[in-house]
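Hi,

Here's the structure I said I'd pass on.

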Amino acid sequence: MTDALLNDRDLSFQLYEMLDTEALLQRPRYAEHDRGVFDATLETARQLAANYFAPHNQKGDSQEPTFDGERVKLIPETKIAWDAFAAAGFLVAHHDYEDGGLQLPEVILRSCMAYFNAANAATAGYPFLSIGASNLVKSFASIPLQERFLAPMLAGRFSGTMALTEPGQGSALGDLRTRAQLAADGSYRVFGQKMFISGGDHELTDNIVHMVLARIEDAPAGTKGISLFLVPKFLLDQDGNIGARNDVALAGLLHKMGYRNTTSTVLNFGERDGAVGYLVGEPGQGLGYMFQLMNEARIGVGLGAACLGYQSYLHALDYARERPQGRLPDNKDPLSPQVRIVEHADVRRMLLQQKAYAEGSLALCLYASSLMEDARTGTSELQRREAAELLDLLTPVVKSYPSRYGLLASEIGIQVLGGSGYIREYPLEQLYRDNRLNPIHEGTEGIQGIDLLSRKLGPRGGDGYRQYLVQVRTSLQQAAGDPACAPLAAALGQALVLVERVTLALQGQIEADATLGLSNATSYLDLFGRTVVGWIWLRQALLASRALEAGASGSEATFYQGKLHTARYYMDWELAPLESQARLLMAGNRLCFDMQNDWF
Ligand SMILES: Cc1cc2nc3c(=O)[nH]c(=O)nc-3n(C[C@H](O)[C@H](O)[C@H](O)COP(=O)(O)OP(=O)(O)OC[C@H]3O[C@@H](n4cnc5c(N)ncnc54)[C@H](O)[C@@H]3O)c2cc1C
């Protein structure tokens, strides 16, 4: 099986050809960097991922974390990996120089994370969560709170979690019941139970900083009554030293299908006299703050799914190039040597489908990371606003397309290997099990569909949507002038018209009856997402066509030919079938809606 984590040529194509990452160097924030810094950072990430994360990926799966009632035990390689990640500065890399950071652009940090996800998604879960939690502390916590908790988080001495879900509520955050009581010293006492909290207990770090959503007593019902609290596992003394254990108890570990080396916990807050919690920001604003973390995490989940799909593709490709089996249909000579299975058209069909999903998903996630970057450091107010609006629109797609199609790439990978795909001696079955989480957490696929259709598009469309249409049309015009890409542009143009017509029809249906109108939201999300990735593939095809036209040769030529051919595949086999789906949506098909509970 291959040692490659990603196709490095593809990553550099995404960063420097699809995205103009070098142009970031013109921005004042990155004035001290150069392309060499970006590339050296990526290479460090690749090596750390290969040396400290990949080697225990399978072991962490087969020897999952245990809890003996007192302590959580993980395989020791996890701590070594965490320490290596922290020592290399990746927890703080994107922060300001004054906070000890390197002011690394978001898109480079996310590309680094792609290597860690590809190497070992479960162990990468710890830094992934911690980076999100520390961003939240940095953005919204008071300066005194930051002074006590942020520096140790960025140094890797403390880790972070996001604690939203409870046994009685998952998708419906407005119903959460964990409560917080104001104490005499101005801090709060938190009571309640949280479930599925990733990284909620372990001994990788001296302390764990839980970012907890809770309701202050007498706060209004629903989302408006939710506040955000920082609740540490251990309290700190005046000087910031670790003190007594806070009233946060691990009720137990959950035993998962995949991502097993990330602890999944049920946490009890306030079994005794209340867990000490510190209010972050203003009361009642907790969900809004948490959305910062959730939006970052949604892009991160998409990226994780893309990388697991990518690994599945690379392993399947490697296997297909090695495995001899059978002969081509026109060869009747039983004494002739067997061909490698990559010679069978049906295996190439599967590999092509995997390539389309894996590379398309990675490109989509890195594009979203570049929008995050532009929303923060864009050179004009207009650029920052437009990037934020476009990202807002696309976030449900960036979360859900890789989660569905990256997972499908993992599933197809099992098929490419045949029986070997199904057994634990090969990595494919674990990649599939790991990837199966991604359509569930950080808002299920169903929730993303509703978010896109009801919140992001709204009754009249939304600014992000208008911008998206303008951008796709610009790409269509550019591609129409290129002989190799003109047919691809025509196919995407037709799909875009369908999306516009379906969107308009569904907006009308929602206005008439929101429950009925949103009943096919997941199908709409799929239609919309597949078109977005069609756009991503058109842009890749145009770059490839131009490079070939300019005389690319050798391995460069084969790389670009692969891109162009996959884009052709995508338009014919992934976009063309959308027409029947669009017809059902436009007609407001109500078969799912009308199914009665007692008819099942
Ligand atoms: C391995 C793992 C790690 C996790 N890590 C964390 C973590 O670190 N922190 C944290 O807070 N949470 C975490 N979660 C929780 C995760 O975010 C939730 O499981 C998820 O949001 C779904 O909530 P639920 O499980 O309660 O399912 P439910 O909300 O009960 O959903 C069940 C089904 O009903 C559908 N559904 C629910 N409501 C609606 C609706 N209004 N309209 C249409 N369909 C609907 C859903 O789409 C889904 O198919 C994790 C979960 C897992 C499995």
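Let's begin with the ligand and the parts of the fold around it. Strand S3 (158-163), strand S5 (188-198) and helix H13 (445-456) each put at least two residues into the shell around the ligand. S5 has the largest share of that shell, with three residues. Bear in mind as you read that this is a predicted model.

The shell around the ligand has 17 residues, and the ones that come nearest are Met 162, Thr 165, Ser 171, Ser 198 and Thr 444. Sorted by class, the shell is nine nonpolar, six polar and two charged residues.

Then go to Ser 198: an N or O atom in its side chain is 2.8 Å from a ligand nitrogen atom. At Gly 170 the backbone takes part, with a polar backbone atom 3.5 Å from an oxygen atom of the ligand. As for cover, the ligand on its own exposes 970 Å², and the protein buries 62% of that.

Now the space around it. The ligand sits in the largest pocket, which holds about 1200 Å³ of space. That pocket is lined by 46 residues, and the closest to its centre are Thr 165, Ile 440, His 441, Glu 442 and Gly 443.

Which elements give two or more residues to the lining of the largest pocket? They are helix H6 (121-140), S5, helix H8 (286-322) and H13. H8 has the largest share of this lining, at seven residues. By class, the pocket lining comes out as 20 nonpolar, 18 polar and eight charged residues.

There are cavities to look at too. How many are there of 30 Å³ or more? The count comes to six. The largest cavity has a volume of about 200 Å³. Its lining is made up of 17 residues, with Arg 110, Met 113, Phe 128, Ile 131 and Glu 296 lying nearest the centre. Helix H5 (106-119), H6 and H8 are the elements that each give two or more residues to that lining. The cavity lining divides into nine nonpolar, five polar and three charged residues.

Cheers

Definitions and conventions
Residues numbered from 1 in each chain as written. Predicted model: local features only at pLDDT ≥ 70, side-chain atom pairs only at ≥ 80, totals over all residues. Heavy atoms only, no water. Near = heavy atom within 4 Å. Polar contact = N/O pair within 3.5 Å; in protein donor to acceptor, adjacent residues only side chain to side chain. Areas by Shrake-Rupley, 256 points an atom, 1.4 Å probe, with all protein chains shown as cover. 1 Å grid on protein atoms, 1.4 Å probe; cavity = no way out; pocket = protein on both sides within 12 Å on 5 of 7 lines; lining within 4 Å. Sits in = over half its atoms within 2 Å of the grid points. Helix = DSSP H or I, 4+ residues; strand = E, 2+ residues; numbered from the N terminus. Nonpolar A, V, L, I, M, F, W, Y, C, P; charged D, E, K, R; others polar. Points joined across faces, edges and corners; volume = space filled by probe spheres on them.
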